[in-house]
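Here is a short tour of a protein model, written for someone meeting structures like this for the first time. Have the 3D view open while you read.

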Amino acid sequence: MSRFEDPCIVTCSISGAVANREQCPAIPYTPEEYAAEAKRAVDEGASMIHIHARAPDGVPSYEVEDFRAITEAIQGAVDDVVINYSTGAIGIPIQKRIEYLRELKPDVAALNMGSMNYAKYSSKRKDFVFKTVFENSFDTIIEFVTAMNELGIRPEHECFDSGHVANLDPLLDMGLLSAPLQVSCVMGVTGGIRPTPKNLAHMAEQVPDGEGSNWGVIGISRGQWALIAAAAALGGNVRAGLEDNFYLPDGEMARSNGDLIAKAREIVENAGRRAATVAEARELLGV
């Protein structure tokens, strides 16, 4: 199969909710900055933009109006792109997170597929930078997926370990999910699966069979480049962006999301594939 027959969906995780400009000056805060970063990413081959909202001062936001302003700015800056909202949060009520889905109806929304320890550890400090429990019970998952089904939003199943992939099984049996599934293997978070190509292959093998189902990788920190290469070679989709990693493979800090997406696209092309167009991504994802 030539690369022209095997497109890869390249997603840009444009900002995230944890890092700030003291860590990376390119992280966008205002809607206009989000729009400029989205255009750089789309110009380099991204077909989907994953959005964590922020207020214009950079503080993470779960307010409808901040999601609206960012989304409208992005849509005004690019011809077309698949819009994907984050729904993950700690200490934010479920209904507040569903509210912005209900009001704005993005194409796709992330659906975290299991509870877990979620942490960042520093070997230099011999201590955790932070540590918490990320609650995603079956009750929470079902509440989110029921709302997404009612709103016509396709879930992106974020799986931090192979057991999270198995959590798809009862939802499929209940008829709450339908193909094509979109499964993202999140790797590199302390508390989740170790970020190795072998583990990625293992997780990809666990994705339930279904007509046109997709899987991809979300690699956290600098190890993401090996994971992107592995996903591209194995037929998966890929994600890059300032939420996940600030650094290019040579150790240079990215000047923009466009720098990271350009490198991800290059890796995909080196694997004999190409970045999917937005129209192809919509067809593959069923949106």
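A disulfide is a pair of cysteine sulfur atoms within 2.5 Å. Keep in mind that this is a predicted model.

**Cysteines**

How many disulfides does a search of the whole structure find? The search comes back with zero. Take Cys-12: the closest cysteine sulfur belongs to Cys-24 and sits 12 Å away, so the two are too far apart for a bond. Cys-159 is in no disulfide either, and the nearest cysteine sulfur to it, in Cys-185, is 6.6 Å away. Are these cysteines buried or exposed? Cys-12 is buried, with a relative accessible area of 0%, and Cys-159 also counts as buried, at 0% relative accessibility.

**Two helix pairs**

Two packed helices are described by the angle between their axes and the distance between the axes. Here are two pairs you can look up in the view.

| Helix pair | Angle between axes | Distance between axes |
|---|---|---|
| Helix 1 (residues 31-43) and helix 2 (residues 64-77) | about 40 degrees | 8 Å |
| Helix 8 (residues 224-234) and helix 9 (residues 257-270) | about 40 degrees | 9 Å |

On the helix 1 side, Pro-31, Tyr-34, Ala-35, Ala-38 and Lys-39 make the contact, and on the helix 2 side the residues are Ala-69, Ile-70, Ala-73, Ile-74 and Ala-77. Sort the residues of this contact between helix 1 and helix 2 by type and you get nine nonpolar, no polar and one charged.

Now for the other pair. Helix 8 is oblique to helix 9, and their crossing is right-handed. Which residues of helix 8 and helix 9 make the contact? Helix 8 brings Trp-225, Ile-228, Ala-229 and Ala-232, while helix 9 brings Leu-260, Lys-263, Ala-264, Ile-267 and Val-268. In the contact of helix 8 with helix 9, eight residues are nonpolar, none is polar and one is charged.

Most residues other than glycine have a negative phi, and most peptide bonds are trans. A few spots here go the other way.

The peptide bond running from Ala-179 to Pro-180 is cis, and its omega is near 0 degrees. You'll find Pro-180 in the loop between helix 6 (168-173) and strand 9 (182-187).

Lys-105 isn't a glycine, yet its phi is positive, near 45 degrees. This lysine lies in the loop that runs between helix 3 (94-104) and strand 5 (108-112), and Lys-105 is partly exposed, with a relative accessible area of 49%.

Ser-221 is another non-glycine residue with a positive phi, about 75 degrees. Look for Ser-221 in the loop between strand 10 (214-219) and helix 8. It is partly exposed, with a relative accessible area of 39%.

**A stop at Ala-281**

Last, find Ala-281 in helix 10 (residues 278-285). With 0% relative accessibility, Ala-281 counts as buried. What does Ala-281 touch, leaving out residues up to four places away in sequence? The list is Ile-9, Ser-47, Val-82 and Ala-276.

Terms used. Residues are numbered from 1 along each chain as its sequence is written. This is a predicted model: local features need pLDDT of at least 70, side-chain atom pairs count only at pLDDT 80 or more; totals for chains, interfaces and linings use all residues. Side-chain values use heavy atoms; hydrogens and water are left out. Buried means under 20% relative accessible area, exposed over 50%, partly exposed in between (1.4 Å probe, protein chains only). Axes are lines fitted to C-alpha atoms, for helices over the stretch in contact, and angles run from 0 to 180 degrees between N-to-C directions. Helices (H or I, at least four residues) and strands (E, at least two) are DSSP runs, numbered from the N terminus. Angles under 35 degrees count as roughly parallel, over 145 as roughly antiparallel, 65 to 115 as roughly perpendicular and the rest as oblique. A crossing is left-handed if the near helix is turned anticlockwise from the far one by less than a right angle, and right-handed if clockwise. Contact means heavy atoms within 4.5 Å. Ala, Val, Leu, Ile, Met, Phe, Trp, Tyr, Cys and Pro count as nonpolar, Asp, Glu, Lys and Arg as charged, and the others, Gly among them, as polar.
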